Amino acid sequence: MKLQKIILAATASVLALGTSIAFAQFQKSEDAIKYRQSVFTVMSTSFARIGAVVKGEAPYNKDEVAKNAAIVAMLSTLPWQAFGPGTEGGKAQPEIWSENAKFKGAGDKMQLAVASLNTAAQSGDLESIKKAFAAAGQTCKTCHDDFKKK
Ligand code: ASC
């Protein structure tokens, strides 16, 4: 009985490990490319909606900006798992893999910047939203300059 329990626990652990590996990887590089591009597309849509408010092209609605900032902050955590080894392609520059620490650093900066934007957006202070938006936009641009094909 005791041994059966140990085997059962071990089997469950192996299955859980297998599931997490399958979750972190993609079957084909095209799947990874599609995933990360989809995330960036939706992130860009919400970011641009905040941008329209910041630029005075759309009226400021606290709930709308807060919602879009939360979407951007949440999505900012997702694309990195889809830049694994062997997933070169799409608009990704090869430097993402050859200078991976630099790429990771740029991604971390972006995540911190959009987390700050989200904090500002939830507070509802438009002046701090404007500042945080500009800082976040700069992290998008820096990373694109270095790592995204034109
Ligand atoms: C966007 C978008 C980006 C960034 C970048 C900021 O809305 O799609 O890639 O902002 O242009 O510099």
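Student: How many residues does H3 have, and what span does it reach from its first C-alpha to its last?

Tutor: This is a predicted model. A helix may be checked by setting its span against the one expected at 1.5 Å a residue. H3 has 14 residues and reaches 20 Å from its first C-alpha to its last, close to the expected 20 Å. At the start of H3, the backbone nitrogen of Asp63 has a side-chain oxygen of Asn61 within 3.1 Å.

Student: Which residues of H3 are buried, and what do they pack against?

Tutor: A residue is called buried when its relative accessible area is under 20%. In H3 this applies to Val65, Ala66, Asn68, Ala69, Val72, Ala73 and Leu75. These buried residues pack against H2, H5 and H6.

Student: Where is Ser46 placed, and is this residue buried or exposed?

Tutor: Ser46 belongs to helix H2. Ser46 counts as buried because its relative accessibility is 4%. Leaving aside neighbours within four places in sequence, Ser46 is in contact with Asn68, Ile71 and Val72.

Student: Which residues of H5 are buried, and what covers them?

Tutor: The buried residues of H5 are Phe103, Ala106, Gly107, Met110, Ala113, Val114, Leu117, Asn118, Ala120 and Ala121. Their cover includes H2, H3, helix H4 (95-98) and H6.

Student: Why does Ala113 count as buried, and which residues does Ala113 touch?

Tutor: The relative accessibility is compared with the 20% limit. Ala113 counts as buried because its value is 13%. Not counting residues up to four places away in sequence, Ala113 touches Ala135, Ala136 and Thr139. Ala113 and Ala136 are 23 residues apart in sequence, yet their C-alpha atoms are 4.9 Å apart in space.

Student: Where is Thr139 found, and which residues does Thr139 touch beyond four places in sequence?

Tutor: Thr139 is found in helix H6. Its contacts beyond four places in sequence are Lys109, Met110 and Ala113. Thr139 is buried, with a relative accessible area of 16%. A polar atom of the Thr139 side chain lies 2.6 Å from the backbone oxygen of Ala136.

Student: Where is Thr87 found, and is Thr87 buried or exposed?

Tutor: Thr87 is found in the loop between H3 and H4. With a relative accessible area of 9%, Thr87 is buried. The side chain of Thr87 reaches the backbone oxygen of Gly84 at 2.6 Å. Not counting residues up to four places away in sequence, Thr87 touches Ser29, Ala32, Ile33, Arg36, Ala82 and Trp97. Ser29 is 58 residues from Thr87 along the chain, and the two C-alpha atoms are separated by 4.5 Å.

Student: What lies at 2.7 Å and at 3.2 Å from an oxygen atom of the ligand?

Tutor: At 2.7 Å there is a polar side-chain atom of Ser44. At 3.2 Å there is a backbone N or O atom of Gly137. Of the 310 Å² of accessible area that the ligand has on its own, the protein covers 60%.

Student: How many helices and strands does the protein chain have?

Tutor: The protein chain has six helices and zero strands. Of its 150 residues, 29% count as buried. Among contacts with a separation of 6 or more, 75% join residues 24 or more positions apart. The accessible surface comes to about 9500 Å², with 63% belonging to carbon and sulfur atoms.

Technical notes
Residues numbered from 1 in each chain as written. Predicted model: local features only at pLDDT ≥ 70, side-chain atom pairs only at ≥ 80, totals over all residues. Heavy atoms only, no water. Polar contact = N/O pair within 3.5 Å; in protein donor to acceptor, adjacent residues only side chain to side chain. Areas by Shrake-Rupley, 256 points an atom, 1.4 Å probe, with all protein chains shown as cover. Buried < 20%, exposed > 50% of the residue type's maximum accessible area, 1.4 Å probe, protein only. Contact = heavy atoms within 4.5 Å. Helix = DSSP H or I, 4+ residues; strand = E, 2+ residues; numbered from the N terminus.
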